[in-house]
Amino acid sequence: MSLKVTRREVLAMGLASVAVGILAGCTSTGDATPVVTGKSTGMMKDYAAGKQFKASKPLSISMLFQDNPAYPYKSSWQIFSEITKRTNVTLKPTVVPFADFTDKRSVLINSGKAPDIIAKTYPGQESPFVGGGAILAVSDYVKYMPNFTKKVKDWDLEADLDTIKQSDGKYYVLPGLHQTLSPDYTLQFRDDELDRLGLDQPTTWNEFKTVLKELKKAHPDGYPYSDRWGGANVMNIAASPYGTMAGYDAATSSNWGLNNGLLFDWAKNTYSFTPIDDNYKALISYFAGLVKSGLMDPETFTQTDDQASAKFTTGRTFAISTNAQYLQLDRTAMDKNLGVGKYKISKAPIPGGPKGKVLAGSRLENGIMLSTAASKRDDFEAFLQFIDWQWYSDAAQVLVKWGVKDETYTYKNGKYDVASGYKLAAYGFGDPNAKKDIRIDMGYSGGNFMYGGTTQIVQSTMVPEELAWQKTLTDYKLAKPSPGVPYTTIEAQQAALKQTAIIDSTNTWTLNFILGKKSVSSDWADYVSELNGKGLKAYVDGANKAWSDANSKKKG
Amino acid sequence: MVIDAQTASSIAAPGPVTTKVRRKRTAMSRTRGEKIFAVVNVVVLLLAVAITLYPFLNVLAQSLSSEKYIDFGDVTIWPLGFNFDTYKIVASDPTFWINYRNTVVYTVVSTAVSMVLSTMFAYAISRKDLRGRGFFIGMALVTMLYSGGLIPTYVLVNGLGLTNTIWAIALPNAISVFNVLVMKSFFENMPRELEEAAAIDGLSTYGTLLRIVLPLSKAVLATMVLFYAVANWNSWFPAFLYMDHSNLYPVTVYLRNLIAGATGAQDAGASADSNLTQISANIKAVTMVLTVLPILFVYPFIQRYFVSGVMLGSVKG
């Protein structure tokens, strides 16, 4: 037998193998209907909301874990062994540093190597992965998740979930669910200085300006107000009472409230690009006024957060953006810098504006994505039950926040506290000299597991001061969040190209207006025409078309 | 650190200075021109020294200062509120030392792998009688212009089973084409007669490389070791990409997480619990100093080869 192979034979073999490949590919596709039957290894037959989940066979589940430098990951953390003890599930974390978490997540998902659970995903961040098929359309499977569905129903979160649906009417991220909106970000002042000058904490943006003017009079050198987070927080919280959306931190390229710039008008059922409307103009004029009269430090928009904090904590400035954690951090720094008892700071009320006292925000928090590969596991149903228990049951939410009852925490008269010998320094619980921090040494109260929950659980880590501040928010109106644009995959790509150019331009102009390099009164038309040149009309029309298409599909 | 600045300035300065001098020479007498050259030279070099040295001294001073003075912005190049406790705090973190050890291991192994592969490749393509030489050089040059892209590369490395091993760091970028071309030029300039004589005396190709060529190439080898070692020491991205556990990270990832992680707020407005914590300025400074010191001490030992090594390769290319 001759071993010679002719060219024609090689060609034929090649074609044959290609054909086999194509045919094999065909048979494996088309598996679109969500089927869980036959994947019931380890599942609990009588699992229901409020019940402890325990897999009937040991399961091992991989998880993308965001490593926070403030409490670096340790494999010895008690939280992992406690989860295994209660659920018979062993979590295998892929640990990714905080700094470049989104990059590695993107590589892992796009290369098809994503772990089963992908933690720390903010609503909207899942969109780029939807087309690729590596992320599970989790809304198809929530019927297997009794705690999740119960909370959505009881807390009336259907409309909120609509905001994260993609064009196929499904959602791909399991968000943290909040029973009530609990804003955290506001302004803080040197209250001792306000007292000395006979001033109150401002409750409106006009009063804020007055207070800054008085502070400037008392301290003519320098600026009374210099902000952290690139000025994005203050723009964000001021935008709602001005009836618009704003807030982008150029230094860290992070979006706070500007989002895609598309504000939804629920009466007209259309999107409009808010950064060119009169409300945005009024907002920008206000901040331009603060900078022009020397009340606001122009470095706000370029300095690092450390620099802004240092200015405030060394007594060079008197107002700054804050949240509950930063209030504590600033106190720690000021105890060192100025001396204990030599200053007074606290969270001020969120100021109201032309539209009254308005808060924006969603009751959905960041959450988890699931890998499509997980749906091929033969224990998929148990997997879903575990996800449901671990991220949506009250029992698990207490576990991940506080640990084990009477060992790491105590619960008396509706109040949680750390047990003696333990502390939770980040939230100011326990004796500061206690040896074990339940966050740093045991893994509790970390960001990978804690998303939302009942008001009681969310507020359980709040100190009395913070609870009192939360109470001041009850008389605010809530601005309904703009729904995400239900683009198809191709529309989404086209819109993304335009959006990048338009939002970049908006941010540049906004900064120039505020810093006084451009005048709001005379250069506004140039700004709008530049945006129009970047395809603003097509961008807004595209969003409205996507909205009406998606809605007619729903009706049909 | 003084040496570091000198090295930096000796690399940075020659360009602008020489052009200036040439221009002066046409207009003025030679001696006067030379005087001006000397003055300009000293001024420019001192400026370069100051620019490169100041940030380093500032970080060094911060690492030895108490946080209060850093917050006030008072620390320049001299420590205020002298405090060595921060060093003790950083040194007491076991992860820091695990990552530090990783950096040393990764640097040594990667540099060794890179040197072996680059030397052999450069030597082979420096031989004009190599069949298909143009193809091999072309193949190397193509990688300078095009790459496979991040995700395909990741899929490949992962498919080869290299993730979470040192080889994921040592192999994918083992050959730097730039370094290979410098070495190639160096080898090309070695007298051909030496190798012919070695061949007549019965040495094989490998024998010629090991016994004749390499001993005569110490300058370029030392330079390449330095290039590779510094690049490997400072590198963080491959480790970040291919390693899934914090105990496999090099110290650069530890440092990056400390500095960038604590300040990179993302979409924080939406979240009730942002999980951000400030890492104090002096801890950052101490970590930076500890990370940069060892590689800094490599320079004095290699410096005497350094300038001649680079010049030999580049000028005669």
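Which helix of chain A holds the place of I79(A)? The place of I79(A) is in helix α2, residues 78-87 of chain A; helices here are DSSP runs of H or I with at least four residues, strands are E runs of at least two, and both are numbered from the N terminus.

## About the model

This is a predicted model, in which local features need pLDDT of at least 70 and side-chain atom pairs count only at pLDDT 80 or more, while totals for chains, interfaces and linings use all residues. Residues are numbered from 1 along each chain as its sequence is written, and chains are lettered from A and ligands numbered from 1 in the order in which they are written.

## The two chains

Let us start with chain A, which has 19 helices and 20 strands. Its radius of gyration is 26 Å, close to the 24 Å that the globule rule gives for 556 residues, so chain A is as compact as a globular protein of that length. That radius is taken over C-alpha atoms, and the rule is 2.2 Å times the number of residues to the power 0.38. The C-alpha trace of chain A spans about 100 × 65 × 50 Å along its principal axes. Of its 556 residues, 47% count as buried. A residue is buried if 20 or more other C-beta atoms lie within 10 Å of its own, exposed if 12 or fewer, and partly exposed in between, with C-beta atoms placed from the backbone.

Chain B has 16 helices and zero strands, and 30% of its 317 residues count as buried. In chain A, 73% of the contacts between residues at least 6 apart in sequence join residues at least 24 apart. For chain B, residues 24 or more positions apart account for 71% of the contacts with a separation of 6 or more.

## Domains of chain A

Chain A is assigned domain 1 (59-180 + 364-399), domain 2 (184-360 + 454-556) and domain 3 (406-441); such bounds come from an automatic or database domain assignment. The C-alpha centres of domain 2 and domain 3 of chain A lie 34 Å apart.

Where these two domains of chain A meet, five residues of domain 2 are in contact with four residues of domain 3. The side of domain 2 that touches domain 3 has one nonpolar, four polar and no charged residues. In this sorting, Ala, Val, Leu, Ile, Met, Phe, Trp, Tyr, Cys and Pro count as nonpolar, Asp, Glu, Lys and Arg as charged, and the others, Gly among them, as polar.

## Nonpolar cores

A nonpolar core is a set of buried Ala, Val, Leu, Ile, Met, Phe, Trp, Tyr and Cys residues joined through C-beta atoms within 7 Å. The largest one has 106 residues, and those with the most contacts inside it are L64(A), Y172(A), I368(A), F383(A), F386(A) and A239(B). Helix α13 (residues 380-392) of chain A gives this core its largest share, nine residues.

Leaving aside neighbours within four places in sequence, F386(A) is in contact with F53(A), A55(A), L59(A), I61(A), T87(A) and V89(A). A second, separate core of 66 residues includes L194(A), Y223(A), W229(A) and F264(A).

## Residues to look at in chain A

Back to I79(A): with 23 C-beta neighbours inside 10 Å, I79(A) counts as buried. Apart from neighbours within four places in sequence, I79(A) is in contact with V400(A), M442(A), G443(A) and Y444(A). S519(A), in the loop between α17 (489-515) and α18 (520-533) of chain A, is exposed, with 12 other C-beta atoms within 10 Å. The C-alpha atoms of S519(A) and S285(A) are separated by 9.0 Å, although these residues are 234 apart along the chain.

Most residues other than glycine have a negative phi. W229(A), however, has a positive phi of about 55°; W229(A) sits in the loop between α8 (205-218) and α9 (232-242) of chain A and counts as buried, with 28 C-beta neighbours inside 10 Å. N259(A) also has a positive phi, near 50°.

Helix α7 (residues 133-145) of chain B has 13 residues and reaches 19 Å from its first C-alpha to its last, close to the 18 Å expected at 1.5 Å a residue. The expected span is 1.5 Å times one less than the number of residues. The count of buried residues in α7(B) is zero.

In contrast, α10(B) has buried residues, including V180(B), L181(B), F186(B) and F187(B).

Notes: Two residues are in contact if their C-beta atoms, placed from the backbone, lie within 7 Å.
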